[in-house]
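This report walks through one protein chain for a reader who has not seen it before. The sequence and structure come first, followed by notes on selected parts.

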Amino acid sequence: MATQTLSVSAPTERYTLSAYASGPMAEFARLTLYDGRMQVLADSYVTIYCQAPKGLYKLTLKLNEAYTEQYIVLDQDRHENIRTPETASAALATGFNTMHEYYSNDAEAISREPTTVLPVGQGNGALFLFFRYPDEPTFGNFHIPGQRLTDHFKLLDADRRIICDFTENDVREELVRWGWTGFHASLRPGVYYLYYGGRKAEKLWKEKQGQHAREMPIYVFEGWQTQGFMTFRNGPVFTSLIFSLAKLDHRERLGLRIQDELTLLEGVLRKFANGIYYLPQGMLANLADGKFENPFLGLVAAYSYFKSQGSGQEQFFQTVVRNLSQLLGAETPDITALNALAAEHFNTPVGIPGTLRIPAMFAPGFSLLLRQQSSSFYPSVLPGSIAEKCIANLFHDLVWTSYKPLGKPKELYERETVRIRRSDQLLESARNLDPDYEIRSGDPAPAKSVAPWKPRKPAILNSWVANSLVYALQNNEGLQMVNLPQLAAQLQVTPNMLMDTAQKLSRESGKIRAYLSVQQESELSQTFSGENLDKVAQLAGTYLPPTAG
């Protein structure tokens with residue numbers, strides 16, 4: 001008789017695993033625990049907790065672009081402390097590996113005393129800018145003797161007139177050992193523009209790549225100092241740019257003492273840059289005390305809450321929006337966008353200005369206003385304004401609004417210039433050399449070789465707005481099928497911009513046809529075909545010039 005063996009499975013042993021992140025920006029660290037089959041067992045910010053069978057597990061930490069992982073043998077209860085990787089920031093706040101006293105001490109001193117008095121006069125607001133290299137070795141590797149950090153930078157007023165060239169008389173700087181430049185001026189509240197003229201590549205320095213020109217709005221608020229920090233390597237690293245606010249009547253709070261707030265602001269802005277809207281508890285606690293020592297912190301927190309479709313904190317964020325409107329002014333474009341976003345979230349219309357004349361400083365806010373041009377909750381962009389003109393030239397690499405400059409800046413005080421025709425100059429030079437010199441009209445002019453004429457490429461063909469408009473017309477049976485407000489919202493432009501583009505394409509139709517007739521660019525010729533240009537002309541015929549309000 002066969003003997004039967006009865007097998008009894010031993011009870012599965014289970015243990016507790018808890019882990020938490022610590023170190024700089026730990027509030028923004030994402031922890032994930034995987035089992036042996038790479039199935040996610042736990043996933044959360046800052047801390048995780050779970051019970052799992054005995055075995056081998058992988059624990060990862062992700063902080064923006066930084067990533068670490070470690071394997072854990074779970075054969076007993078484990079409590080793990082995961083340190084965040086070192087991270088850099090232009091903000092001079094503790095915890096970052098680019099925080100050095102040889103920068104912060106001078107920056108704090110400059111933030112307390114103006115470095116210059118600008119010709120537009122002083123006001124009850126202020127602007128403080130601090131440009132620097134990440135550390136002393138980077139300065140030694142990248143700095144070219146004789147060049148200054150503020151080369152190619154200018155500060156413009158609301159009319160885009162130059163009010164500061166950032167000369168040696170306007171700033172304080174150290175360009176011998178560490179590499180930094182500080183600027184501080186009292187200003188009237190309002191919008192200003194930071195203009196960067198771009199830079200050509202250096203032939204003798206391979207590290208010195210060329211950089212595009214760009215311009216960005218900076219707002220100065222009554223009773224506040226707007227602070228901007230940016231690092232340099234082979235030029236300005238615009239992606240490192242961070243703006244903050246400090247209250248002017250709290251002189252002990254000026255400068256760089258709001259360390260926790262700068263770290264929180266940097267963390268949220270980096271999440272924004274990656275399309276992630278997350279609010280750590282530390283930020284909510286900071287806002288809950290009602291001090292608002294840095295309104296930009298409240299601004300990005302409210303954006304994060306509304307963009308993430310948050311719930312459960314409605315009354316709290318209604319108070320935040322109301323306080324920000326009182327502190328910075330409801331007419332400020334960034335606050336206008338925030339009020340509109342709040343109104344849409346709560347489905348309760350609020351008093352919002354009817355038109356937007358100047359771009360918002362915070363790129364997500366400006367983008368939001370452009371996408372919602374047809375919504376009753378959002379103001380419209382004023383035709384012909386700076387806000388509209390910059391749309392077709394926007395860069396999308398920063399959390400701050402920036403765009404290709406709208407032409408060269410104007411001088412604050414226009415200088416009278418006298419132009420002399422080149423022929424008059426040559427004649428005068430000849431007479432100075434020979435008093436008896438006379439022009440003999442009979443002398444034959446030297447023969448010149450004439451190159452065959454070729455039509456020049458119309459600049460409108462390089463416009464992405466023009467290409468998008470023609471593509472939309474090409475894919476519709478008739479003009480009645482083209483919904484301009486909807487198309488404008490999709491492209492994040494204004495309906496007026498589309499109609500202006502159609503008008504310009506119609507005016508330059510002959511030049512476009514002449515240029516494409518001798519080109520081999522089949523794709524461009526197909527896009528701007530005669531049939532499509534006729535559709536554009538038909539659309540342009542319905543154009544009514546907007547009235548500037």
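## A residue in strand S12

Thr 181 sits in strand S12, which spans residues 180-187. The model described here is predicted. With a relative accessible area of 2%, Thr 181 falls under the 20% cut-off and therefore counts as buried.

Apart from neighbours within four places in sequence, Thr 181 is in contact with Leu 129, Phe 130, Phe 131, Leu 149, Thr 150, Val 171, Arg 172 and Glu 173.

## The chain as a whole

The secondary structure of the chain consists of 16 helices and 19 strands. The chain has 549 residues, and 49% of them are buried.

How much of the contact in the chain, counted at a separation of 6 or more, joins residues 24 or more positions apart? Such pairs account for 69% of those contacts.

## The largest nonpolar core

In soluble globular proteins, nonpolar side chains tend to be buried together. In this model, the largest nonpolar core has 152 residues. Leu 155, Phe 183 and Phe 306 have the most contacts inside this core. The helix that gives the most to the core is H5 (residues 295-307), with nine residues.

Which residues does Phe 306 touch, not counting those up to four places away in sequence? They are Phe 317, Val 321, Leu 338, Leu 341, Ala 342, His 345 and Phe 346.

## A buried loop residue

Leu 398 belongs to the loop between helix H9 (386-389) and strand S19 (410-411). Is Leu 398 buried or exposed? Its relative accessible area is 12%, and Leu 398 is buried.

Leu 398 and Phe 362 are 36 residues apart along the chain, and their C-alpha atoms are separated by 9.2 Å. Setting aside neighbours within four places in sequence, Leu 398 is in contact with Arg 214, Met 216, Phe 238, Thr 239 and Ala 363.

## The two faces of helix H14

Helix H14 covers residues 509-517, and Ser 509, Ile 512, Tyr 515 and Leu 516 are buried in it. These four residues lie on the same side of H14, because they cover an arc of only 130° around the axis. Lys 511 and Ser 517 are exposed, and they are carried on the face of H14 turned away from its buried side.

## Helix H16 and its partners

H14 packs with H16 at an angle of about 170°, and the two axes are 11 Å apart. The angle is over 145 degrees, so H14 is roughly antiparallel to H16. In this contact, Ser 509, Ile 512 and Arg 513 of H14 meet Gly 530, Leu 533 and Asp 534 of H16. By class, these residues divide into two nonpolar, two polar and two charged.

Helix H16 (residues 530-540) also packs with helix H11 (residues 464-474), here at an angle of about 100° and with the axes 10 Å apart. H11 is therefore roughly perpendicular to H16. From H11, the contact involves Leu 469, Val 470, Leu 473 and Gln 474. From H16, the contact involves Asn 532, Lys 535, Val 536 and Leu 539. The contact of H11 with H16 has five nonpolar, two polar and one charged residues.

Key:
Residues numbered from 1 in each chain as written. Predicted model: local features only at pLDDT ≥ 70, side-chain atom pairs only at ≥ 80, totals over all residues. Heavy atoms only, no water. Buried < 20%, exposed > 50% of the residue type's maximum accessible area, 1.4 Å probe, protein only. Arc of directions from axis to C-beta. Core = buried A, V, L, I, M, F, W, Y, C linked by side-chain atoms within 4.5 Å. Contact = heavy atoms within 4.5 Å. Axes fitted to C-alpha atoms, helices over the stretch in contact; angles between N-to-C directions. Parallel < 35°, antiparallel > 145°, perpendicular 65-115°, else oblique. Nonpolar A, V, L, I, M, F, W, Y, C, P; charged D, E, K, R; others polar.
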